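Dear colleague,

I am passing on the structure below, with notes on what came out of going through it. Please read them with the model open beside you.

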Amino acid sequence: MKNKTNFNPADILSKASNRTSSLNPFLSSENSTQHQTIDIPIDSIITENNPRKTFNDTSIRELADSISQYGLLQPIVVRKKAGKYELINGERRYRAHKLLKSKTIPAVVKNVEQIDITKLPEIKLVENLQREDLSEADLALSLQELKNRHKETNEQLAKRINKSAQWVKTKIAHAEILKESSLNTNVDKSHPIYQIPTSLFTEIAPLDVSNRKKAIDYLIKGLEKKGDFPSRNDLREYVRPLKPTKQTKAKPKLSQLELKDLKSKLAKIKEKISVLQNEKAILEETIRKFKK
(Lines give C-alpha, C1' and ligand atoms only; values in the text may rest on other atoms or scores of the structure.)
Protein backbone atom coordinates (compact mmCIF):
# COMPACT_ATOMS: atom_id res chain seq x y z
CA MET A 1 0.00 0.00 0.00
CA LYS A 2 1.24 3.50 -0.83
CA ASN A 3 2.13 5.87 1.97
CA LYS A 4 -0.76 8.13 2.84
CA THR A 5 -0.28 11.86 2.40
CA ASN A 6 0.52 13.66 5.65
CA PHE A 7 -2.33 16.09 6.23
CA ASN A 8 -1.95 18.92 8.72
CA PRO A 9 -4.93 21.30 8.74
CA ALA A 10 -2.92 23.89 10.65
CA ASP A 11 -0.43 24.30 7.81
CA ILE A 12 -3.23 24.88 5.34
CA LEU A 13 -5.74 26.82 7.40
CA SER A 14 -3.06 29.27 8.46
CA LYS A 15 -2.59 30.17 4.80
CA ALA A 16 -6.25 30.08 3.82
CA SER A 17 -6.68 33.84 4.05
CA ASN A 18 -4.26 34.25 1.14
CA ARG A 19 -6.90 32.74 -1.18
CA THR A 20 -4.22 31.17 -3.32
CA SER A 21 -4.59 28.14 -5.55
CA SER A 22 -5.38 24.89 -3.78
CA LEU A 23 -2.93 24.00 -1.03
CA ASN A 24 -4.72 20.75 -0.35
CA PRO A 25 -2.27 17.84 -0.50
CA PHE A 26 -4.98 15.53 -1.83
CA LEU A 27 -5.85 17.92 -4.64
CA SER A 28 -2.40 19.28 -5.45
CA SER A 29 -1.32 19.54 -9.05
CA GLU A 30 1.97 17.78 -8.44
CA ASN A 31 0.14 14.45 -8.39
CA SER A 32 -2.10 15.22 -11.35
CA THR A 33 0.01 13.17 -13.74
CA GLN A 34 -0.98 10.06 -11.79
CA HIS A 35 -4.68 10.60 -12.47
CA GLN A 36 -6.40 10.91 -15.80
CA THR A 37 -9.45 13.10 -16.30
CA ILE A 38 -12.44 11.00 -17.33
CA ASP A 39 -16.13 11.68 -17.93
CA ILE A 40 -18.28 10.13 -15.20
CA PRO A 41 -22.09 9.92 -14.98
CA ILE A 42 -23.68 12.79 -13.05
CA ASP A 43 -26.11 10.43 -11.31
CA SER A 44 -23.25 8.31 -9.95
CA ILE A 45 -21.89 11.15 -7.80
CA ILE A 46 -22.44 11.26 -4.04
CA THR A 47 -22.21 14.63 -2.23
CA GLU A 48 -21.62 14.32 1.50
CA ASN A 49 -20.06 16.33 4.34
CA ASN A 50 -19.50 19.45 2.29
CA PRO A 51 -18.68 22.39 4.59
CA ARG A 52 -20.43 24.68 2.12
CA LYS A 53 -24.12 24.68 3.03
CA THR A 54 -25.25 27.72 1.06
CA PHE A 55 -25.22 28.07 -2.70
CA ASN A 56 -26.15 31.19 -4.61
CA ASP A 57 -28.60 30.26 -7.38
CA THR A 58 -27.59 33.24 -9.52
CA SER A 59 -23.91 32.34 -9.20
CA ILE A 60 -24.62 28.71 -10.15
CA ARG A 61 -26.63 29.86 -13.19
CA GLU A 62 -23.78 32.16 -14.29
CA LEU A 63 -21.31 29.29 -13.92
CA ALA A 64 -23.62 27.02 -15.92
CA ASP A 65 -23.80 29.62 -18.71
CA SER A 66 -20.00 29.88 -18.72
CA ILE A 67 -19.62 26.08 -18.87
CA SER A 68 -22.17 25.92 -21.66
CA GLN A 69 -20.20 28.49 -23.67
CA TYR A 70 -16.59 27.57 -22.90
CA GLY A 71 -16.75 24.10 -21.40
CA LEU A 72 -15.50 23.03 -17.96
CA LEU A 73 -12.06 24.54 -17.41
CA GLN A 74 -11.26 22.57 -14.25
CA PRO A 75 -12.54 19.02 -13.61
CA ILE A 76 -14.14 18.05 -10.34
CA VAL A 77 -12.30 15.69 -7.97
CA VAL A 78 -13.88 12.45 -6.74
CA ARG A 79 -12.97 9.14 -5.16
CA LYS A 80 -14.59 5.78 -5.70
CA LYS A 81 -17.02 4.71 -3.00
CA ALA A 82 -19.43 1.77 -2.95
CA GLY A 83 -19.61 1.56 -6.73
CA LYS A 84 -20.19 5.30 -7.04
CA TYR A 85 -18.05 8.45 -6.82
CA GLU A 86 -17.84 10.62 -3.71
CA LEU A 87 -17.37 14.31 -4.52
CA ILE A 88 -14.30 15.79 -2.86
CA ASN A 89 -14.03 19.10 -4.65
CA GLY A 90 -16.21 21.00 -7.14
CA GLU A 91 -19.83 20.99 -5.92
CA ARG A 92 -20.61 24.29 -7.65
CA ARG A 93 -19.37 22.83 -10.94
CA TYR A 94 -21.37 19.67 -10.25
CA ARG A 95 -24.53 21.68 -9.55
CA ALA A 96 -24.00 23.76 -12.70
CA HIS A 97 -23.80 20.57 -14.78
CA LYS A 98 -27.02 19.29 -13.18
CA LEU A 99 -28.65 22.61 -14.06
CA LEU A 100 -27.54 22.09 -17.65
CA LYS A 101 -29.02 18.56 -17.48
CA SER A 102 -25.63 17.13 -18.47
CA LYS A 103 -25.35 13.35 -18.36
CA THR A 104 -21.62 13.31 -17.56
CA ILE A 105 -18.94 15.61 -16.09
CA PRO A 106 -15.13 15.59 -16.42
CA ALA A 107 -13.54 14.35 -13.19
CA VAL A 108 -10.23 13.34 -11.69
CA VAL A 109 -10.61 10.08 -9.79
CA LYS A 110 -8.15 10.06 -6.87
CA ASN A 111 -6.50 7.00 -5.40
CA VAL A 112 -8.16 6.27 -2.06
CA GLU A 113 -4.90 4.86 -0.67
CA GLN A 114 -3.15 8.23 -0.81
CA ILE A 115 -4.86 9.68 2.24
CA ASP A 116 -6.54 8.86 5.51
CA ILE A 117 -10.23 8.83 4.57
CA THR A 118 -11.24 9.93 8.08
CA LYS A 119 -9.72 13.32 7.23
CA LEU A 120 -11.87 13.90 4.13
CA PRO A 121 -14.28 16.28 5.92
CA GLU A 122 -11.31 18.39 7.03
CA ILE A 123 -9.87 18.34 3.52
CA LYS A 124 -13.16 19.62 2.15
CA LEU A 125 -13.21 22.33 4.81
CA VAL A 126 -9.69 23.42 3.93
CA GLU A 127 -10.44 23.49 0.22
CA ASN A 128 -13.55 25.59 0.83
CA LEU A 129 -11.73 28.00 3.12
CA GLN A 130 -9.50 28.97 0.23
CA ARG A 131 -12.43 30.15 -1.85
CA GLU A 132 -13.49 33.79 -1.65
CA ASP A 133 -17.19 33.06 -2.02
CA LEU A 134 -17.44 30.85 1.06
CA SER A 135 -19.96 32.60 3.31
CA GLU A 136 -19.14 33.47 6.90
CA ALA A 137 -22.05 31.23 7.98
CA ASP A 138 -20.54 28.26 6.16
CA LEU A 139 -17.14 28.97 7.68
CA ALA A 140 -18.59 29.19 11.20
CA LEU A 141 -20.66 26.01 10.84
CA SER A 142 -17.70 24.14 9.34
CA LEU A 143 -15.39 25.10 12.19
CA GLN A 144 -18.01 24.02 14.71
CA GLU A 145 -18.27 20.69 12.89
CA LEU A 146 -14.49 20.33 13.05
CA LYS A 147 -14.49 21.19 16.76
CA ASN A 148 -17.23 18.67 17.55
CA ARG A 149 -15.58 15.93 15.49
CA HIS A 150 -12.39 16.19 17.51
CA LYS A 151 -14.16 17.04 20.80
CA GLU A 152 -11.92 20.04 21.28
CA THR A 153 -12.20 23.27 23.23
CA ASN A 154 -12.02 26.57 21.36
CA GLU A 155 -8.43 26.97 22.57
CA GLN A 156 -7.42 23.51 21.33
CA LEU A 157 -9.01 24.11 17.94
CA ALA A 158 -7.34 27.53 17.67
CA LYS A 159 -3.94 26.00 18.40
CA ARG A 160 -4.42 23.22 15.87
CA ILE A 161 -5.41 25.56 13.02
CA ASN A 162 -2.98 28.35 13.92
CA LYS A 163 -5.66 30.93 14.63
CA SER A 164 -6.22 33.07 17.70
CA ALA A 165 -8.53 31.74 20.41
CA GLN A 166 -10.63 34.91 20.08
CA TRP A 167 -11.08 34.38 16.33
CA VAL A 168 -12.27 30.81 16.91
CA LYS A 169 -14.52 31.90 19.78
CA THR A 170 -16.37 34.43 17.61
CA LYS A 171 -16.83 31.91 14.79
CA ILE A 172 -18.15 29.22 17.15
CA ALA A 173 -20.54 31.75 18.74
CA HIS A 174 -21.78 32.58 15.23
CA ALA A 175 -22.42 28.88 14.54
CA GLU A 176 -24.16 28.30 17.87
CA ILE A 177 -26.60 31.15 17.26
CA LEU A 178 -27.41 29.72 13.84
CA LYS A 179 -27.86 26.25 15.29
CA GLU A 180 -30.17 27.39 18.07
CA SER A 181 -32.39 29.19 15.59
CA SER A 182 -35.44 27.27 14.42
CA LEU A 183 -34.56 28.53 10.93
CA ASN A 184 -31.69 26.06 10.92
CA THR A 185 -34.13 23.21 10.39
CA ASN A 186 -35.21 24.80 7.12
CA VAL A 187 -33.55 23.23 4.09
CA ASP A 188 -33.56 26.59 2.29
CA LYS A 189 -30.26 28.26 3.21
CA SER A 190 -31.06 31.43 1.27
CA HIS A 191 -32.69 33.03 4.32
CA PRO A 192 -31.05 36.37 5.26
CA ILE A 193 -29.91 34.98 8.64
CA TYR A 194 -27.18 33.11 6.75
CA GLN A 195 -25.93 36.40 5.30
CA ILE A 196 -25.35 38.08 8.66
CA PRO A 197 -21.58 38.53 9.18
CA THR A 198 -19.74 37.25 12.23
CA SER A 199 -18.99 40.80 13.41
CA LEU A 200 -22.72 41.41 13.98
CA PHE A 201 -23.25 38.04 15.65
CA THR A 202 -20.53 39.05 18.12
CA GLU A 203 -22.84 41.82 19.38
CA ILE A 204 -25.77 39.39 19.62
CA ALA A 205 -23.92 36.60 21.48
CA PRO A 206 -24.28 38.01 25.06
CA LEU A 207 -28.10 38.14 24.77
CA ASP A 208 -30.51 35.42 25.86
CA VAL A 209 -32.35 33.40 23.22
CA SER A 210 -35.48 35.58 23.04
CA ASN A 211 -33.48 38.80 22.76
CA ARG A 212 -31.19 37.27 20.16
CA LYS A 213 -34.28 36.65 18.06
CA LYS A 214 -35.28 40.33 18.47
CA ALA A 215 -31.81 41.44 17.39
CA ILE A 216 -31.83 39.13 14.37
CA ASP A 217 -35.27 40.41 13.36
CA TYR A 218 -33.92 43.98 13.68
CA LEU A 219 -31.02 43.15 11.35
CA ILE A 220 -33.20 41.42 8.78
CA LYS A 221 -35.74 44.27 8.74
CA GLY A 222 -32.86 46.69 8.18
CA LEU A 223 -31.69 44.58 5.25
CA GLU A 224 -35.17 44.50 3.75
CA LYS A 225 -35.66 48.28 4.09
CA LYS A 226 -32.22 49.59 3.07
CA GLY A 227 -30.66 46.69 1.17
CA ASP A 228 -27.95 46.26 3.80
CA PHE A 229 -27.65 45.27 7.44
CA PRO A 230 -27.50 48.03 10.09
CA SER A 231 -23.98 49.01 11.10
CA ARG A 232 -22.28 47.40 14.06
CA ASN A 233 -22.60 50.65 16.03
CA ASP A 234 -26.34 50.83 15.32
CA LEU A 235 -26.76 47.20 16.38
CA ARG A 236 -24.71 47.85 19.53
CA GLU A 237 -27.08 50.68 20.49
CA TYR A 238 -30.10 48.49 19.75
CA VAL A 239 -28.94 45.57 21.92
CA ARG A 240 -27.64 47.70 24.82
CA PRO A 241 -30.97 47.68 26.75
CA LEU A 242 -31.45 43.98 25.89
CA LYS A 243 -28.25 42.84 27.60
CA PRO A 244 -28.62 41.18 31.01
CA THR A 245 -27.97 43.54 33.91
CA LYS A 246 -25.35 42.58 36.45
CA GLN A 247 -26.99 41.78 39.76
CA THR A 248 -25.14 43.10 42.80
CA LYS A 249 -24.49 40.46 45.40
CA ALA A 250 -26.29 41.16 48.65
CA LYS A 251 -23.83 41.44 51.52
CA PRO A 252 -24.47 38.94 54.31
CA LYS A 253 -25.55 40.36 57.67
CA LEU A 254 -23.00 40.34 60.48
CA SER A 255 -25.28 38.07 62.51
CA GLN A 256 -25.04 35.47 59.73
CA LEU A 257 -21.22 35.31 59.78
CA GLU A 258 -19.17 32.80 61.76
CA LEU A 259 -16.69 33.91 64.44
CA LYS A 260 -13.63 33.40 62.22
CA ASP A 261 -15.24 35.52 59.48
CA LEU A 262 -16.05 38.27 61.99
CA LYS A 263 -12.45 38.29 63.25
CA SER A 264 -11.13 38.41 59.68
CA LYS A 265 -13.43 41.29 58.84
CA LEU A 266 -12.36 43.18 61.99
CA ALA A 267 -8.67 42.64 61.15
CA LYS A 268 -9.15 44.12 57.68
CA ILE A 269 -10.94 47.16 59.12
CA LYS A 270 -8.14 47.70 61.67
CA GLU A 271 -5.59 47.50 58.86
CA LYS A 272 -7.45 50.13 56.88
CA ILE A 273 -7.71 52.35 59.97
CA SER A 274 -3.97 51.99 60.57
CA VAL A 275 -3.20 53.02 56.99
CA LEU A 276 -5.53 56.02 57.24
CA GLN A 277 -4.02 57.07 60.56
CA ASN A 278 -0.53 57.01 59.05
CA GLU A 279 -1.72 59.09 56.10
CA LYS A 280 -3.44 61.49 58.56
CA ALA A 281 -0.20 61.93 60.54
CA ILE A 282 1.82 62.61 57.40
CA LEU A 283 -0.70 65.18 56.18
CA GLU A 284 -0.78 66.95 59.58
CA GLU A 285 3.03 67.11 59.68
CA THR A 286 3.14 68.52 56.14
CA ILE A 287 0.56 71.19 57.05
CA ARG A 288 2.57 72.20 60.16
CA LYS A 289 5.67 72.73 57.99
CA PHE A 290 3.68 75.06 55.73
CA LYS A 291 2.57 77.12 58.75
CA LYS A 292 6.15 77.68 60.01
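In what order do the 5 strands of the open sheet lie? The order is β1-β5-β3-β4-β2, and the pairing is mixed, where two strands count as paired if DSSP finds at least two bridges between them. Because β1 (37-41) and β2 (45-46) stand at the edges with a single partner strand each, one side of each has no neighbour in the sheet.

Before going further, please keep in mind that this is a predicted model, in which local features need pLDDT of at least 70 and side-chain atom pairs count only at pLDDT 80 or more, while totals for chains, interfaces and linings use all residues. Residues are numbered from 1 along each chain as its sequence is written, and side-chain values use heavy atoms, with hydrogens and water left out.

The chain as a whole has 11 helices and 5 strands, taken as DSSP runs numbered from the N terminus (helices are H or I with at least four residues, strands are E with at least two). Of its 292 residues, 38% are buried, where buried means under 20% relative accessible area, exposed means over 50% and partly exposed lies in between, with a 1.4 Å probe and protein chains only. Among contacts in the chain with a separation of 6 or more, 73% are between residues 24 or more positions apart, a contact being heavy atoms within 4.5 Å.

To return to the sheet, strand β4 (residues 84-89) runs parallel to β2, and 2 bridges join them; here Ile45 stands opposite Tyr85 and Ile46 stands opposite Glu86. On β3, by contrast, Lys80 is the residue opposite Tyr85, and β3 and β4 run antiparallel, joined by 5 bridges. These two strands form a hairpin with 2 residues between them, and Ala82 in the turn has a positive phi of about 50°. Because 5 of the 6 residues of β4 are buried, this strand is largely enclosed by the rest of the structure. Helix α3 (residues 91-99) lies across β2, β3 (76-81), β4 and β5 (104-110), and runs at about 155° to β5, with axes fitted to C-alpha atoms, for helices over the stretch in contact, and angles from 0 to 180 degrees between N-to-C directions.

Among the helices, α9 (residues 209-226) has 18 residues and reaches 26 Å from its first C-alpha to its last, close to the 26 Å expected at 1.5 Å a residue (the expected span is 1.5 Å times one less than the number of residues). Its buried residues include Ala215, Ile216, Leu219, Ile220 and Leu223, and also Asn211 and Arg212; the buried residues of α9 pack against α7 (165-180), α8 (198-204) and α10 (232-239). Just after α9, Gly227 takes a positive phi of about 80°.

Ser142, in helix α5 (residues 136-150), is buried, with a relative accessible area of 4%, and a polar atom of its side chain lies 2.6 Å from the backbone oxygen of Asp138. Pro244, in the loop between α10 and α11 (259-291), is exposed, with a relative accessible area of 60%; Pro244 lies 36 residues from Asp208 in sequence and 7.9 Å from it in space, C-alpha to C-alpha.

With best wishes

Definitions and conventions: Polar contact = N/O pair within 3.5 Å; in protein donor to acceptor, adjacent residues only side chain to side chain.
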